[in-house]
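Student: I have not worked with this structure before. Please take me through it in questions and answers.

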Amino acid sequence: MTGQILCRLQDLDTTGAKEIVLERDGARVPVFVVQYGPHVLGYMNSCPHARLPLNWREDAFLDMSGTYLFCANHGAHFDVATGKCIRGPCKGQSLTPFPVSVDGDTIVAAEI
Ligand code: FES
């Protein structure tokens, strides 16, 4: 089954990630996708600490080293592969996965 097109792979070239706001049943659903080696992963753009969007700048989801996902609000760091917070005020909690797949050079949302 083919889901909604989110963006193209090349859209991740600059920051390694891309924010997309979907509309589902009239509600805004903020998500982001992030490059992880040869894979692309998706998460809801909602920090488990205070349920705020992680990024303050457009498509900026990684820390300065490019190693961890980073919440700009209070500095939580998350493992890219699992979404688990490894440092910060929500240590041990996790981002909510948003399943995506890659179809050619296109990143596609799984149906939710
Ligand atoms: S809202 Fe993300 S660390 Fe506080």
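Student: Which residues does Val 34 touch, not counting residues up to four places away in sequence?
Tutor: The model is predicted, so local features need pLDDT of at least 70 and side-chain atom pairs pLDDT 80 or more, while totals for chains, interfaces and linings use all residues. Numbering runs from 1 along each chain as its sequence is written, and side-chain values use heavy atoms, without hydrogens and water. Contact means heavy atoms within 4.5 Å. On that basis Val 34 touches Leu 12, Gly 16, Ala 17, His 39, Val 40, Leu 41, Tyr 43, Leu 62, Leu 69 and Val 80.

Student: How many residues does the second, separate core have?
Tutor: A nonpolar core is a set of buried Ala, Val, Leu, Ile, Met, Phe, Trp, Tyr and Cys residues joined through side-chain atoms within 4.5 Å. Buried means under 20% relative accessible area with a 1.4 Å probe, protein chains only. The second core includes Leu 6, Ile 20, Leu 22 and Val 29, and its size is 13 residues.

Student: Is His 77 buried or exposed?
Tutor: His 77 lies in strand E6, a strand being a DSSP run of E with at least two residues, numbered from the N terminus. Its relative accessible area is 10%, so His 77 is buried.

Student: Which residue in E7 is the bridge partner of His 77?
Tutor: E6 (residues 77-79) and E7 pair in the antiparallel sense over two bridges; pairing requires that DSSP finds at least two bridges between the strands. In E7, the partner of His 77 is Arg 87.

Notes: Buried means under 20% relative accessible area, exposed over 50%, partly exposed in between (1.4 Å probe, protein chains only). Helices (H or I, at least four residues) and strands (E, at least two) are DSSP runs, numbered from the N terminus.
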